Amino acid sequence: MLRKIRLLSAVVFFSAITLLFLDFTGTIHEWLGWLAKIQFLPALLALNLGIIFFLVILTLVFGRIYCSVICPLGVFQDIIARIGRMGKKLPYSYSPALSWLRYGVLVVFILAMIMGLNAVVAILAPYSSYGRIVNNLFQPFWQWGNNLLAYLSERIDSYAFYETEVWLKSMPTFVIALVTLVMLVVLAFRNGRTYCNTICPVGTVLGFISRYSLFRITIDTVECNSCGLCARNCKAACIDPKEHKVDNSRCVTCMNCINICHRNAIAYAPVVKSKKKQKDVSEKPGQSDGKVNLSRRRALSATVLVAMTTTLKAQEKKLEEVEMKKDGGLAPIKERKEPPRQTPLTPPGSLSARNMAKHCTACQLCVTACPNQVLRPSGDLMNLMQPEMSYERGYCRPECVKCSEVCPAGAIRPVTKADKSATQIGHAVWVEEYCIVHTDDVECGNCARHCPTEAIQMVAIDPDDKESHKIPVINTERCIGCGACENLCPSRPFTAIYVEGHIAHRII
Amino acid sequence: MKEQDKNINRREFLNIVGITAASTTATLYGCTPKNEKTPAGRASLAVPTDQMTYRVLPGNEDKVSLLGYGCMRWPTIPSPDGNGDLIDQDAVNELVDYAIAHGVNYFDTSPVYVQGWSEKATGIALKRHPREKLFIATKLSNFANASRENSIAMYRKSFQDLQTDYFDYYLLHSIGGGGIEVFNRRYIDNGMLDFLIAEREAGRIRRLGWSFHGDVEVFDQVLAMHDTVKWDFVQIQLNYVDWKHASGRNVNAEYLYGELEKRGIPAVIMEPLLGGRLSNLPDHVVARLKQRRPEDSVASWSFRFAGSPENVLTVLSGMTYMEHLQDNIRTYSPLVPLTDDDKDFLEETAQLIITYPTIPCNDCKYCMPCPYAIDIPAVLLHYNKCVNEGNVAQRQSDENYKEARRAFLVGYDRSVPKLRQANHCVGCSQCNEHCPQGIDIPKEMQRIDKFVEQLKQETLPV
């Protein structure tokens, strides 16, 4: 019974959180957004004391059911493990705790947090790992499925589905997600919850608490005949049948052992007295952690069109004998390149680069939710995988505050549309040499036309000639850095106006 | 960049042409028995081969089919290099063969149509039929460079591309835009009109005329030259809306046609359907037309209107699809002229149509390619579609606001790729001089963009 309750609630939590990371429309967040906010690390980073208190109490009373029900990465491993032990009667065996590794990782994790090595923190954090895996590896399939439906609904003249663009947002993040997934699948497939009990810092911290939890798995030493059946079925490898002991710091209270015991010697019951722990030093499973080479960055993104333009150049010579303006056809769309920004852009609500760095667990929930293709994981080593903004594909639209609504960690605080329109996350910079007023000798003003705060005015290039072409002048005091000007600037590959980030956001 | 790209396309286009030039799809059609019996209720689907109405007008012994083929909208296929489209020569051959088999004998093209490929593609398709049974019309489209050398080069290239040594009909292309000065620059100052008159005397041009859009003063002045030049025909925009309710700078067709009839100059009709705008109508207008003649298509009303006046030589239609070709052949095989009642009915219909604030774009693509990559006609057509379908919300309190908003925005992304949408209009206005309908394109782009923003931000008035 207990096991069934655990299974059912795990499935519900897991599906719901997975949906959060798949849904690009942002509609599910309204209902289920809280599921991300009750995750341990995000709550800790958001200094959400209520939730932390609740989780501590929960663990103190019931043990690590957080790991069995709430943590999506834990449930994900259970699913993999279930596949892995198919057909095997006695899939697992007891192994002593690898304390040096557990505490070692935890120490590294805490040090990384203190020192601001966000990449290390992000790679080790379980909830973020899961978010990255779903966002990078599973969401594309979800989107392609949606696009198929969009294609079909277009045929029947329905507007129920619309097409979305699937694109690789960051190569390093993708690789990290992939490596994490492979590592987890291998570990879980073979040995169940190895990751949770050797690497996961949240597991280790909760393990400290669950050691003293009220309800625990206990073995009735009178009934127990040390057959070891429970231990051979324990995915956490925490039951020592010889000693009749359960390592409660590693037990994730999955309740699997209760029904397996032929002698009904195992129970999940309150324990008043605490037991002393035991130490063992012995075999360890081979481990490699999730770090990969982070150096590969925008190498792939450039160089594509360059080659093409040169081949096209060769054709230019052959002139038409008749000069005419032919009707129809579409001008080719030239690739856009990201301008070299001195300071990266972080979304309104993130307050400052420091706040972002301090709170973000790089779970990619905001990247999932961004409907304007603005947010993507950073490739910068210091805030690897944390979100940053760029405007080649879209801009931070005035009606959207999605990322601030979904962030569970307080890295992007909730803002209203009004707040956002008064938050200066950066300021626009004009690059004279690229402006089509110069290069194409035409009137433009598309930046000024689309500026939501009217921070751009068009003034005559020649102060003495009112009829001369007009160039944009930016009132940086009014500019909020939304990137409408940059995104809609016609100049390619670099835009003639782009946004420089602000280290700390300002309210104007 | 633009020019380079076109060259690439052209090269690849020639490859495609090379493959398909030899293929013969002729004689596939035209084998429908004369009075084929069709199952009850499906009579309207038969396409007669020998019932086409022909016009022989006084002073013009040509026996011209009332349906003329406009070669401005040939079907295209996506280019293999992913940039733009190429003419689908197989489809062109098929359409031309079918048209000829069903009695169409007038083909109207221009050097600038379909990214400059129309003459070549039309020439290839027509070469497979006896030249003497066809009437080929093309134009001096010297918009970009009106020098005598360039104009003559353009004239000569048309012979080459159309694979012929004479033109039955030759037009000064789209006069009226830019006033009489532009007309003088293009045809008088460079001596091209005299050159063409000499060519007519030499027999390389059988009939000389012009097509008209725009300034009525130019129309009057050039028409007045009839006494000296003798215009053999004039091509005008005529349909039941433009008859009395011409939009923008267009002139009412009633006046244009009347002036031609007065002088006995045959009229060739263009835009009888306004680029499809007169078949793509609001539901209740469609219902009204269908109610009166349930078996006839909505478009057939436009063609009957354009074909009914007796001084009309031929009615041009740019038929991209076989179904449109078949429908139009049906309408003119034979023509059932409009009664006076019908005419009143269509005038009332026109008055209903003009209450809809559509933008008068006929999808001729003269404005294209936009140097900033916008798909101008696609944006305007999407807007018009939404106008007709009632999906252009005025206020947030509109009954169907939510559905209309979604239909407009989702449909917009479907009809026009994001990077070709109206928000990329820089307002350079290079397109405006090319629009025969006189649409202020940047103004419309910015208006539509503003509307899109209002929908996205939900800032329409409540």
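**Close-up views of a predicted two-chain model**

**Figure 1. The contact between chain A and chain B.** The contact is made by 35 residues of chain A and 48 residues of chain B. The model shown in this and the other figures is predicted. On the side of chain A that touches chain B, helices α16 (304-315) and α22 (446-450) of chain A each supply at least two residues. By class, the residues on this side of chain A are 15 nonpolar, six polar and 14 charged.

Figure 2. Chain A holds 23 helices and ten strands. Its C-alpha trace spans about 100 × 50 × 45 Å along the principal axes. Of the 508 residues of chain A, 45% count as buried. Where contacts in chain A join residues at least 6 apart in sequence, 75% of them link residues at least 24 apart. The chain is divided into domain 1 (2-270) and domain 2 (338-507). The centres of these two domains of chain A, taken over C-alpha atoms, are separated by 37 Å.

**Figure 3. The contact between the domains of chain A.** Here 31 residues of domain 1 of chain A are in contact with 28 residues of domain 2 of chain A. Several helices of chain A each supply at least two residues of the domain 1 side, among them α1 (2-22), α9 (118-124) and α11 (171-191). The largest share of that side, six residues, comes from α10(A). The side of domain 1 of chain A that touches domain 2 of chain A has 15 nonpolar, twelve polar and four charged residues.

**Figure 4. The barrel of chain B.** Eight strands of chain B close into a barrel with parallel pairing, in the order β3-β6-β7-β8-β9-β10-β11-β12. From one strand to the next, the twist averages 25°. Strand β11 (residues 267-270) of chain B runs parallel to strand β12 (residues 312-317) of chain B, and three bridges join them. In one of these strands, β12(B), B:T314 is the bridge partner of B:V268. Helix α13 (residues 298-307) of chain B lies across β11 and β12 of chain B, and runs at about 155° to β12(B).

**Figure 5. B:I269 in the nonpolar core.** The largest nonpolar core has 246 residues, of which A:Y66, A:C366, B:I269 and B:V379 touch the most other members. Leaving aside residues up to four places away in sequence, B:I269 touches B:I236, B:L238, B:A306, B:V312, B:V315 and B:L316.

**Figure 6. Two cis peptide bonds.** Most peptide bonds are trans. The bond from A:R492 to A:P493 is cis, with omega near -5°. A:P493 is found in the loop between α23 (484-488) and β10 (497-507) of chain A. In chain B, a cis peptide bond joins B:M368 and B:P369, and omega is about -5°. The loop that holds B:P369 is between α15 (340-353) and α16 (376-388) of chain B.

**Figure 7. Two residues with positive phi.** Most residues other than glycine have a negative phi. A:A237 has a positive phi, near 55°, and lies in the loop between α14 (229-232) and β2 (239-240) of chain A. Because 22 other C-beta atoms lie within 10 Å, A:A237 is buried; the cut-off is 20 or more. Phi of A:D441 is also positive, near 55°. This residue, A:D441, lies in the loop between α21 (436-439) and α22 of chain A. A:D441 has 9 C-beta neighbours inside 10 Å, so A:D441 counts as exposed; the cut-off for exposed is 12 or fewer.

How values were computed
Residues numbered from 1 in each chain as written. Chains lettered and ligands numbered in written order. Predicted model: local features only at pLDDT ≥ 70, side-chain atom pairs only at ≥ 80, totals over all residues. Helix = DSSP H or I, 4+ residues; strand = E, 2+ residues; numbered from the N terminus. Contact = placed C-beta atoms within 7 Å. Pairing = 2+ DSSP bridges. Axes fitted to C-alpha atoms, helices over the stretch in contact; angles between N-to-C directions. Nonpolar A, V, L, I, M, F, W, Y, C, P; charged D, E, K, R; others polar. Domains from an automatic or database assignment. Core = buried A, V, L, I, M, F, W, Y, C linked by C-beta atoms within 7 Å.
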